[in-house]
Amino acid sequence: MPAEDTITKTVWQYSEPLPEDTMEFLKGIALDYSKVKSYTYNRYSGIKSLDRLTPAFDIMREVRQSGLRAQLGLPSAYFSPAIVDAVADIKGMWGMLKNKLGTLITANENLSDEDRIYLRTVMRLDKIYAAVLRDEAYEMPRKAKGLSIDVERLNNLLRRLTRRHLTKLEVGSTDYFCIASSGYTYRAGAIYIASRTSKQRIELPLKDSNVCRRQIRLCIRKDYAALALPVETKVKKHADYNNTVYIHIGYQDMFTLSNGNVYGQSLGGMTSTETQRLTDKNRERARIRAAYQQSMESGDGKKAVNMKSNNLGTVKYDRRKEKERAKTEVFINTEINKMLAAEKPNRIVITRPISINKTKLPAKSSNRNMTRSFNGYIRDRLSYKCRINSIELVEINSKGTGTMCSQCGAEGKRSQDGFYCPECGYASAISINGAKNIEKKYNKKK
Ligand SMILES: [Zn+2]
């Protein structure tokens with residue numbers, strides 16, 4: 001099957017609650033897994049290894065031969081995926097670094113167009129980029145031949161920028177690990193995974209009867225395991241999807257289209273009710289916490305213990321929050337599906353998200369503004385559904401799409417009541433003006 005006709009999605013599978021010693025075993029594997037990742041990061045995330053990451057056979061072999069596996073007593077089924085996992089992170093780190101440098105190079109006014117061509121060409125070719133960073137001889141790439149540039153100056157700049165922006169990778173969470181397909185078997189409603197003793201496996205009873213044959217990821221939860229199974233999904237092609245739609249993604253209404261149709265209308269209301277509930281709840285918890293502190297200080301330990309166990313537990317609070325989140329996610333997915341079925345697009349145009357760096361850091365209270373946190377989720381799901389339905393998703397720069405009048409192009413005013421243009425008198429919701437501007441801007445570009 002050709003690669004472009006399928007896409008991999010994740011199906012989650014959950015274990016039954018597990019005995020304590022099984023949970024301890026899982027945590028031990030996860031810890032050692034993170035040690036292998038950390039070892040790989042430390043050795044191969046520097047400039048010395050840049051040209052050895054793809055393919056990573058040498059790195060794989062070296063780490064396997066390092067003696068680390070025997071030292072940890074970690075089965076290969078966990079050890080090898082840990083190396084691959086780490087190498088993928090290192091590659092991702094380099095990818096981000098190159099993006100960053102690309103932006104800096106574009107913005108640097110001391111560089112000529114030819115300088116920029118040279119720098120971008122070098123960054124695309126890992127072997128040459130690595131040679132530049134290590135100050136070694138290399139053959140000038142074809143695209144960079146004949147440019148009138150000061151190569152030494154540019155190489156120095158590249159070395160300096162790389163050194164400044166190269167980040168040290170650190171293992172974040174130690175609550176998951178991957179298992180190679182050789183490291184598990186499914187049997188009678190359970191998965192049996194490799195233990196530290198050869199030929200012995202650990203049983204994890206499951207809640208469903210799904211099976212998998214590829215590498216899986218095991219995430220450790222409070223008293224159970226969640227397994228991420230990669231599943232191939234066929235990409236659908238819709239012969240009757242022929243429209244281009246322009247979407248404003250908003251905080252009140254999820255999608256407003258330039259044709260006036262709205263999907264996910266109550267999203268703002270839904271999440272602001274939840275935001276309000278959490279705000280109230282947190283205020284109440286802060287009050288109890290203060291009283292608890294006071295009881296402790298005045299020596300009334302018994303009262304304090306009582307208060308704590310009755311009111312400050314996070315389990316119920318988290319469960320409720322989780323439930324609300326799941327409900328909103330179902331709503332978002334349903335509305336995206338509705339939009340696709342009704343609008344039949346073969347192309348969707350939206351604006352690129354505004355990068356975090358450019359916006360002011362949000363105040364702590366707005367951390368609880370749930371719609372904002374759902375914005376990323378909405379974009380992810382839209383992007384995913386576009387891929388499985390063969391719909392082209394175009395992201396354009398948002399500049400001007402918010403403040404410009406979609407009718408006459410003048411600078412308009414935005415207020416709580418909506419958008420108003422003092423020039424031509426056009427008044428509408430901010431979202432519909434935004435969607436119409438996206439349409440205008442996209443078609444002007446072509
Ligand atoms: Zn106007």
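Two strands are said to pair if DSSP finds at least two bridges between them. Helices (H or I, at least four residues) and strands (E, at least two) are DSSP runs, numbered from the N terminus. The model is predicted: local features need pLDDT of at least 70, side-chain atom pairs count only at pLDDT 80 or more, and totals for chains, interfaces and linings use all residues. Residues are numbered from 1 along each chain as its sequence is written, and side-chain values use heavy atoms, with hydrogens and water left out.

Strand β1 (residues 6-14) pairs with β7 in the antiparallel sense. Nine bridges join β1 and β7. Tyr 14 stands opposite Ala 226 in β7. Cys 219 also stands opposite Ala 226. Strand β7 covers residues 225-234 and pairs with β6 over four bridges, again antiparallel. Within this pairing, Leu 218 faces Leu 227 of β7. Strands β6 and β7 form a hairpin, with four residues between them.

Strand β6 has a further partner. Strand β2 (residues 176-179) runs antiparallel to β6, and four bridges join them. Here Phe 177 stands opposite Leu 218 in β6. In a regular strand, side chains alternate between the two faces of the sheet.

A residue is buried under 20% relative accessible area, exposed over 50%, and partly exposed in between (1.4 Å probe, protein chains only). Strand β6 (residues 216-220) has four of its five residues buried, so the strand is largely enclosed by the rest of the structure. Strand β7 is mostly covered, with seven of its 10 residues buried. Ala 180 lies in the loop between β2 and β3 (184-187). Ala 180 is buried, at 17% relative accessible area. The C-alpha atoms of Ala 180 and Leu 104 are separated by 40 Å. These two residues are 76 residues apart along the chain.

Helix α10 comes next. The expected span of a helix is 1.5 Å times one less than its number of residues. Helix α10 (residues 315-343) has 29 residues and should therefore span 42 Å. Its end C-alpha atoms are 42 Å apart, which agrees. Among the buried residues of α10 are Tyr 317, Phe 331, Ile 332, Ile 336, Met 339 and Leu 340. Buried residues of α10 also include Glu 324, Thr 328, Asn 333 and Glu 343. Just after the helix, Lys 344 takes a positive phi of about 45 degrees.

Glu 335 is found in α10. Glu 335 is buried, with a relative accessible area of 9%. The side chain of Glu 335 reaches the backbone nitrogen of Gly 264 at 2.7 Å. This is a polar contact (a pair of N or O atoms within 3.5 Å; within protein, one must be able to donate a hydrogen and the other to accept it, and residues adjacent in sequence count only if both atoms are side-chain atoms).

The zinc ion is coordinated by the SG atoms of Cys 405, Cys 408, Cys 421 and Cys 424, at 2.3 Å. Donors are N, O and S atoms within 2.8 Å of the metal (3.2 Å for Na, K and Ca); water is not among the atoms, so sites may look incomplete. The four donor atoms subtend angles of 105 to 114 degrees, which makes the arrangement tetrahedral. Four donors count as tetrahedral if all angles lie between 85 and 135 degrees. The ideal angle for four tetrahedral donors is 109.5 degrees.

In sequence, the donor residues are spaced C-x2-C-x12-C-x2-C. Cys 408 lies in the loop between β12 (392-396) and β13 (413-415), and Cys 421 in the loop between β14 (418-420) and β15 (427-428), so the pair ties together parts that are 13 residues apart in sequence. Cys 421 is buried, at 0% relative accessible area. Cys 408 is partly exposed, at 38%. Cys 424 is partly exposed too, at 39%. A search of the whole structure finds zero disulfides (pairs of cysteine sulfur atoms within 2.5 Å).

Three strands form an open antiparallel sheet in the order β13-β14-β15. Strands β13 and β15 are its edges, since each pairs on one side only. Three bridges join β13 and β14. Lys 413 has Tyr 420 in β14 as its bridge partner.

How values were computed. Four donors count as tetrahedral if all angles lie between 85 and 135 degrees; four count as square planar and six as octahedral if opposite donors are over 155 degrees apart and all others between 65 and 115; anything else is irregular.
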